[in-house]
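Work through these exercises with the sequence and the model side by side. Try each task before reading its solution.

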Amino acid sequence: PREYSTRQEIVIQPSRAKTPTNKILLCTLFDLRVPITLDDIYNAYTRFGEVLRVVTFTKNGNHALIEMGSKEQAGLAFKHLDGTDLVRGCCIMKLQYSALEKLEVF
């Protein structure tokens, strides 16, 4: 048997892509079939604003942290790049806003 909600009202939460919370994006890369360089990531994001820093790491998958010049630029990059291929046919980018306030590179 089917069960239906008994709520009187449905509340739709606003998309995170519409409300940038940070200028640092966490990009998780899926379906990597070719090597990805920092330049590949930089070139994809610089179309949407100033890219201040890019860091890649492989803890529990393949990731990049991208610090944009502003929250608005990060929001624009999120809107256009989330779920798209970094390289045609592979290297899918899943984005979220990072909890970091500043990206430190050592």
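Two strands pair if DSSP finds at least two bridges between them. Helices (H or I, at least four residues) and strands (E, at least two) are DSSP runs, numbered from the N terminus. This is a predicted model: local features need pLDDT of at least 70, side-chain atom pairs count only at pLDDT 80 or more, and totals for chains, interfaces and linings use all residues. Residues are numbered from 1 along each chain as its sequence is written, and side-chain values use heavy atoms, with hydrogens and water left out.

**Exercise 1.** Examine the hairpin of β2 and β3.

*Solution.* Start with the pairing: β2 and β3 run antiparallel over six bridges. V54 has I66 as its bridge partner in β3. Next, take the link. Four residues lie between the strands, and N60 takes a positive phi near 55°.

**Exercise 2.** Which residues have the most contacts inside the largest nonpolar core?

*Solution.* First, the terms. A nonpolar core is a set of buried Ala, Val, Leu, Ile, Met, Phe, Trp, Tyr and Cys residues joined through side-chain atoms within 4.5 Å. Buried means under 20% relative accessible area (1.4 Å probe, protein chains only). The largest core has 22 residues, and L25, C27, Y45 and I66 have the most contacts inside it. β1 (24–30), α1 (38–45), β2 (51–57), β3 (62–68), α2 (71–81) and β5 (90–97) each supply at least two residues of this core. β5 gives the most, with five. Finally, check β3: six of its seven residues are buried.

Note on methods
Buried < 20%, exposed > 50% of the residue type's maximum accessible area, 1.4 Å probe, protein only.
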